[in-house]
Amino acid sequence: MAGECVPEGPDLRDMGEEELWELINDNRHRISLGVRPCTLIPYLRQARVLTEMDEDEILSCHNLTNRSMRTSYMLDLLRTQGRNGAVALLDSLMIHYPTLYTQVTGRKPSTEPSRFSGLIKYSELTEYLVRAVTGMQKELQEARCEASRMSARCASLESEIRQIMEQEEKSRCVQSENERMRRHLCSLQHEVTKLKDEKCDLYMRYTAAIEDRSAVNMRLHDLNLQVYQLQTELQKAQMENEFQKRRSLRCAPHAEMPQLQEEVRSLRCQLVKVEKLDPARQDILAQDLAEAIDSQVELAEQLRCYREENEKLLAEKQGLLDQKECLSLQVQQLTLDCNMHQQKNTVIQNQIRELQAERDQAYLSRDEAQAMIARVLAEKDTLRCQLVEFQEQVFSLKANRSPRKQQQSSDDERVVDWASPRSSSEEDPLPTRRRLRRMDAVNPMSHLSSFISECEDAAVSSVRSRNAEPPCPDSLRRREQALHAESSLEETDSLLEDFVFLPCVGSEDKQTPRLSSSNGSSTDGLSRTSAPPFLMRSRPKAIRVNGRVLSISFQGEALLSQLAVIGGNKTGVFVHQVTEGSAAHTVGISPGAQIVEVKCEQNQKALRMVLEDSTLEEAMWALGQIKGLCHLSLRPRQDDYEALLQQLQSSETSSGDSFYVRVNMSFPAGPNGTLAISCNDILHVTNTRPTGTGDSWHASQVHPCQLLDLQSGTVPNYYRAQRLLIQAIEDMSFQTKKCQKLVSVWRVGPQNKEKAVRIVSTGRLGRNPLWVSVEDEKAKSTESGDTAAKTCVSLMPYTLVTPHYPPICRPVLLLPTVLGRILDKKLADWQGFQLCQPEVLSSCEHAARLQKSEILEECEQGRNCCYTLQSVEKVMKKGIHCVLPLGLDCVRRLHRSEIFPIIIFIGQSARSARKLRSKLQRHGQSEEQLLACSRNEEPLLDKLPCLYHSVAPDSWCDQTSLLTSLRTIIWEEQKKIVWVEPDLW
């Protein structure tokens with residue numbers, strides 16, 4: 001596939017190891033982007049430059065999130081194989097990626113046997129090529145099937161497009177009808193407005209008529225009142241007249257008669273006048289009353305008409321409103337349908353374009369596959385011809401037998417040396433036992449240069465690069481040292497796994513390049529001028545952004561005298577008080593600001609310390625290291641600061657710290673409220689800077705079943721606990737010189753009552769994962785001593801843990817394995833327990849599940865019969881305990897799937913083993929095998945990232961009592977909280 005005009009580059013067989021890897025590193029970015037590791041791994045496995053463990057790590061590691069990272073990691077693994085790794089990589093590129101091979105080497109790809117390096121025999125190479133051709137034929141057939149499916153898919157999409165176009169046309173018609181209805185609705189609204197105006201005028205006229213009627217009624221009432229008064233006066237006058245008349249007839253003399261008669265006549269005249277006046281007024285009033293009644297009737301008739309018209313208008317208005325709502329709903333529905341159809345049309349057009357591109361790509365892949373198949377067939381014919389020639393040469397060389405034997409023996413020696421390379425640590429003799437001393441505590445400043453800025457030099461800060469850029473020589477040297485240490489740890493005793501031995505006086509010069517610390521610091525690792533080991537945490541930086549972050553630069557000489565801080569890892573570190581007149585007060589720092597980040601210069605190196613999730617102890621130490629110009633990143637969080645102050649004033653909390661740790665050694669009770677704790681206890685640390693103590697924490701013991709604090713007190717902080725841990729280990733190692741036995745938990749003689757130590761190191765990280773990180777922005781590490789010091793191992797007195805609450809029944813794992821296989825079936829016969837059954841998988845399913853890390857343990861080799869994660873989940877869904885007939889290797893795989901088994905270790909002694917003699921013989925085991933299995937698995941228990949329950953050998957007398965106690969233990973463990981620590985390895 002490479003062009004015919006490509007010039008021939010130098011012969012790869014004449015190039016050395018450094019030249020080959022320099023050639024590969026120059027094209028590392030191109031290889032990382034264009035190569036699939038799963039394609040090259042079969043050839044590299046057959047060439048014996050990669051192991052099965054390497055393949056599993058490349059394909060299944062969760063930290064390698066994309067193909068480029070997996071390819072870059074595969075190149076790092078091949079780099080450790082030297083020239084064989086480079087040659088095997090180029091051979092695999094020549095077979096699977098000929099174009100990339102030409103771009104990397106400048107040579108034309110060829111499958112002639114003479115062009116291969118000889119790492120694989122011709123017969124194996126032919127078999128591999130046949131398998132590759134078969135795989136390509138399968139891929140071609142799948143591509144054709146995919147092309148046919150795509151064509152059918154395109155046809156269906158075209159029909160859908162036509163339907164969508166029709167629906168779009170209908171939607172246009174509906175939109176035009178909608179516009180017409182809108183115009184009609186607007187005209188109806190105008191008419192309704194006119195009717196409203198007319199109705200308002202009618203209301204005004206009706207109001208005026210009612211007012212006129214009220215005035216007429218008032219006038220009529222006044223007239224009636226006047227008539228009544230006049231009638232009353234008339235009756236009164238008549239009564240007086242009658243009275244006077246009678247009186248005058250009785251008493252008046254006859255002389256007065258004429259006078260009285262005259263008065264009577266005058267009164268009668270007045271009465272006649274009055275009688276003549278009243279009918280006229282009555283007529284006038286009657287006429288006015290009749291007119292008022294007629295006008296009232298007319299107004300009532302008009303009011304009735306107006307009411308009827310109003311009711312008709314209200315009915316018409318209600319109908320128009322209903323019609324308007326219906327039209328609005330139809331408009332909204334049509335708008336949504338139109339938008340949906342437009343989106344569907346856009347999506348379908350994009351899918352059609354993608355399908356066309358995929359179809360073109362499939363056609364190109366088909367053409368390339370056909371060309372490759374033709375080329376492979378031609379090469380196969382050539383190989384067959386060469387095979388015939390080789391057979392003829394073999395027959396001709398039979399006469400000269402002895403030279404052939406000599407040559408064959410030399411070739412076998414070379415093959416053996418290449419096939420099973422041994423590291424330098426395997427050839428060297430076991431080093432002599434030296435004194436135990438921790439490395440991080442001796443010189444923790446050496447770690448500061450190792451935590452450099454990711455944006456400037458990411459390759460120097462990691463042993464195994466995940467980037468596409470080539471690694472630097474320091475990285476390769478650290479990787480070789482790490483591999484050397486791992487190979488030597490596997491052959492020596494388990495003591496070397498958790499300790500770093502310092503050489504004696506006579507061998508200091510030889511070991512200095514490997515154990516030297518940066519800048520020639522003294523061995524006092526706890527001095528206040530050097531960075532302590534708790535500033536080496538690999539926890540990822542927090543990305544919480546609750547507000548804007550302000551960066552302020554000022555002279556931070558004696559910064560803790562300029563400002564005081566409160567808080568912790570739970571709430572954040574806040575500025576509490578600022579000294580007036582100080583540099584911090586001058587630049588405007590005020591209480592309530594959270595300190596997110598600190599940048600300063602120390603020993604001519606720019607340091608960057610992230611304090612967003614740091615404890616109060618870390619923050620105060622980091623701020624105390626500032627000796628000059630510093631840059632503080634602050635985030636205003638006044639509400640959180642006031643809430644913290646209120647909690648501190650009300651004594652709800654003593655600080656802003658809150659985290660849980662697992663104790664890795666025992667501490668006796670002491671004065672001043674020192675808490676007595678044992679190994680594997682869980683502590684809730686609530687204050688890393690209690691008042692009155694400088695090297696202690698305030699912590700509480702945690703209830704095993706609930707997240708409640710029990711007895712509280714002070715415990716040694718990380719510095720002092722690490723010193724006590726190393727002192728205890730040194731005392732143990734030198735107490736028993738004749739028979740020194742190191743397991744994960746040390747048990748001292750009865751004179752020391754019982755002193756337990758759990759040995760946990762920082763693992764591959766090379767740093768303490770519990771605390772905050774320090775980054776060296778300049779990353780100036782030129783001395784070999786600085787590079788070697790980055791891989792130091794540090795012992796951890798405390799391990800960070802997180803609580804988990806399993807909602808259903810947890811699986812049960814019984815140890816040691818020999819005894820567990822006997823008790824598993826007995827325990828499964830009880831109600832509420834079921835034995836995990838293996839599954840028989842096909843080769844494809846087995847490979848797929850193995851790649852997903854769903855296989856817990858192989859049952860029978862060669863038959864793909866294995867215990868899978870699905871079989872455990874199937875039993876757990878029934879609400880019963882799944883009994884696991886497996887080993888310790890399944891625990892980490894179960895933890896990755898959020899399944900936390902109950903681990904029970906049954907301690908064994910010679911006396912307890914004799915109790916199970918008949919059971920062991922029935923299963924083909926012996927007492928010695930049981931004791932050996934117990935001794936081998938007990939040191940591995942404390943390497944697990946979770947707690948386990950241990951059963952004493954003398955706590956049971958027979959199998960029945962043991963099963964009864966196991967059931968009680970399982971019931972108690974099911975109620976407990978599961979504490980899991982990060983897997984450092």
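Which residues of helix α1 are buried? Hi everyone, let's start there. In α1, which spans residues 17–26, they are Leu20, Trp21, Leu23, Ile24 and Asn25. Buried here means under 20% relative accessible area, exposed means over 50%, and partly exposed is in between, with a 1.4 Å probe and protein chains only. Helices are DSSP runs of H or I with at least four residues, strands are E runs of at least two, and both are numbered from the N terminus.

A quick word on the model: it is predicted, so local features need pLDDT of at least 70 and side-chain atom pairs count only at pLDDT 80 or more, while totals for chains, interfaces and linings use all residues. Residues are numbered from 1 along each chain as its sequence is written, and side-chain values use heavy atoms, leaving out hydrogens and water.

Back to α1: its buried residues pack against α2 (28–34), α5 (67–79), α6 (83–96) and α7 (98–105), where contact means heavy atoms within 4.5 Å.

Now, salt bridges. The whole structure has 26 of them, counting a side-chain nitrogen of Lys or Arg within 4 Å of a carboxyl oxygen of Asp or Glu. One joins arginine 180 to glutamate 177 at 2.3 Å, N to O. Both sit in helix α8 (residues 122–251), 3 residues apart, about one turn of the helix. Arginine 180 is partly exposed at 40%, and glutamate 177 is partly exposed at 38%.

Another pairs arginine 720 with aspartate 695, at 3.2 Å between the closest N and O atoms. Arginine 720 lies in helix α19 (718–735) and aspartate 695 in the loop between β10 (682–687) and β11 (696–702), so the pair ties together parts 25 residues apart in sequence. Finally, salt bridges with shared partners link Arg662, Arg758, Asp942 and Glu981 into one network.
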